[in-house]
Amino acid sequence: MKFSVIRTYTRAATIELESDTRYVASEGVSVILNGEPVMSPSANVFTLFSLEPGTAYTLEVTGPDGQRDSASFSTKEESVFINVKDIGASGDGQTDDTEAFSAAIAMCPEDGTVYVPEGIYSVRPLFMKSHMTLYLGKGARLLASSRQADYPVLPGIVRKTGKWEQEDNFGSWEGNPLDQYASLITALNVCDFDLIGEGTLDGNGEAGGWWSDPKHRHGAWRPNIVFLNGCSKVTLCGVTVTNSPCWTIHPYYSDDVSFINLFIKNPDVSPNTDGIDPQSCRRVLILGTKISVGDDCIAIKSGKLYMATAHFRRTEDVCVRNCYFERGHGGVTIGSEAACGVTDVRVSKSIFKDTDRGLRIKTRRGRGEKSLLDGIDFSDLTMDGVRMPFTVNMFYFCDPDGHTPYVQDQKARPVDEMTPAIGSIRISHVDIENADVVTACVYGLPEKPVEEVSVENVKVSYRPPAERKPGLPVMMDDFPEMVGASLYMNNIKRLRIKNLSVSGKDVREPELLHIGTQEIAGLFIGQ
């Protein structure tokens with residue numbers, strides 16, 4: 001069976017099967033390492049842990065049909081291996097182990113590994129550094145302090161000495177440079193850093209009181225579990241990340257960041273606990289990751305207008321593949337804080353289960369002319385129980401002025417420097433079961449329609465009418481709830497539909513309004 005060695009670390013390696021299945025591996029796959037059987041993977045992406053550093057390995061994978069493929073790889077070299085318990089960490093869940101962790105990180109030389117064995121380690125925010133590995137062994141849990149006083153504050157803006165017109169930006173909150181508490185894992189301007197293993201990062205969100213009165217600032221804004229600011233060549237692999245105070249993993253103004261084989265789990269009642277929120281990042285890989293959270297599973301952003309004016313940086317080249325999204329408001333969301341723009345997003349070979357929406361794009365007047373959302377490609381996907389698989393909304397009523405006539409006026413307004421744009425959205429080869437609200441709802445601005453929407457080879461089946469519940473596809477004023485609708489499209493320059501089948505008793509015919517050019521072939525709305 002064909003496979004690829006995606007990434008090697010000091011003591012681990014990640015493999016991706018070249019399978020026809022989405023996320024879940026076919027039954028009967030076997031993995032042999034140096035001649036010894038080691039596992040039958042349940043997912044197309046898996047990681048082999050407990051390897052030796054600087055060592056050559058031969059890997060063989062046999063598929064259910066008996067076809068075999070092999071490849072050789074070598075793990076990364078390691079300069080030193082530091083066990084935090086040798087530095088004084090107790091791992092008893094009661095003792096504050098922060099100083100031992102900080103000492104281990106500080107003394108770790110280039111290409112070294114800090115190892116965390118089984119145990120519960122109560123810690124305050126930890127600050128990472130470049131050219132090292134943090135390895136959480138199986139059964140290891142980093143438990144964030146429940147005391148807000150234990151969290152340093154990352155200032156949103158710091159003026160540069162002697163250059164008052166210039167600023168540095170450390171903290172962030174919902175697209176603006178604002179004071180924010182440091183995260184359990186904080187990395188500022190870190191390069192070449194791996195956080196790997198089979199352990200757990202526990203943000204202790206409920207015990208810390210972070211989920212009560214979540215929109216009120218208490219000294220500073222809520223922390224993440226992982227915050228990467230100005231980083232490059234950072235990989236998180238294998239670990240479970242849970243109980244986040246707010247957005248779980250927040251890569252910010254970073255390049256070449258990878259999130260592989262993670263398990264991100266937050267209670268569905270936890271507020272704003274998105275899974276992964278890349279903001280103003282380039283070359284982001286989210287691979288083989290399972291996310292079940294209280295908000296959007298993935299939310300791709302690039303800040304509000306101030307960031308586009310003072311710190312312009314577009315989010316570019318985001319690849320999401322072989323992932324599993326569960327329960328979130330949106331499976332993959334783009335916006336609404338995207339004033340710098342988001343381009344080239346590819347989502348493929350993934351499963352969406354019981355999320356409110358699959359693809360969710362949201363923006364509004366006021367995001368500005370730099371806010372171009374373009375090159376959005378969704379392909380080779382399975383959705384089950386996703387109430388409204390595809391929604392695009394250019395009237396999103398976020399922010400204090402979100403319900404004003406400026407944002408919500410559905411009549412054309414002048415195009416100016418405050419007008420956002422959406423370019424091309426392509427959806428292909430998607431199998432959808434148990435939808436109930438609408439297959440796709442796209443509402444562009446009348447003065448700036450969505451440039452192109454392409455839907456090809458998509459098959460949708462609806463829940464029985466008695467099991468459907470009305471829902472609001474897009475969060476805008478004066479838009480009605482829907483149930484059992486197929487397509488609602490408004491203000492689009494070019495619409496292309498090829499081989500779209502929507503079945504289920506009493507499914508409503510499409511509403512296509514203010515469409516510039518239409519190419520429709522093989523559209524079937526059946527009973």
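Ring pairs join Phe49, Phe81, Tyr115 and Tyr135 into a cluster. Rings of Phe, Tyr and Trp (its six-membered ring) pair if their centres lie within 6.5 Å; planes under 30 degrees apart count as stacked, over 60 as edge-to-face and the rest as tilted. By this rule the count is 19 aromatic pairs.

The model is predicted: local features need pLDDT of at least 70, side-chain atom pairs count only at pLDDT 80 or more, and totals for chains, interfaces and linings use all residues. Residues are numbered from 1 along each chain as its sequence is written, and side-chain values use heavy atoms, leaving out hydrogens and water.

Take one of the pairs. Phenylalanine 101 and tyrosine 121 have ring centres 5.5 Å apart and planes at 75°, so the pair is edge-to-face. Phenylalanine 101 sits in helix 1 (residues 98-107) and tyrosine 121 in strand 11 (residues 119-123), so the pair ties together parts 20 residues apart in sequence. Helices (H or I, at least four residues) and strands (E, at least two) are DSSP runs, numbered from the N terminus. Phenylalanine 101 is buried, at 0% relative accessible area. Tyrosine 121 is buried too, at 0%. Buried means under 20% relative accessible area, exposed over 50%, partly exposed in between (1.4 Å probe, protein chains only).

Now the core. A nonpolar core is a set of buried Ala, Val, Leu, Ile, Met, Phe, Trp, Tyr and Cys residues joined through side-chain atoms within 4.5 Å. The largest one holds 113 residues; Leu134, Leu142, Ile185, Leu201, Phe259 and Phe378 touch the most other members. Strand 42 (residues 485-503) gives the largest share, 9 residues. Another core lies apart from it, with 16 residues, among them Phe3, Ile15, Val31 and Leu59.

Leucine 142 touches residues including Phe101 and Tyr121, not counting residues up to four places away in sequence. Contact here means heavy atoms within 4.5 Å.

Three strands form an open sheet in the order 1-2-5, with antiparallel pairing. Two strands pair if DSSP finds at least two bridges between them. Strand 1 (3-8) and strand 5 (45-48) stand at the edges, each with a single partner strand, so one side of each has no neighbour in the sheet. Strand 2 (residues 13-17) pairs with strand 5 over 4 bridges. Glutamate 16 has valine 45 as its bridge partner in strand 5.

Last, the cysteines. The whole structure has 0 disulfides (cysteine sulfur atoms within 2.5 Å). The sulfur of cysteine 281 is 9.2 Å from the closest cysteine sulfur, in cysteine 231, too far for a bond.
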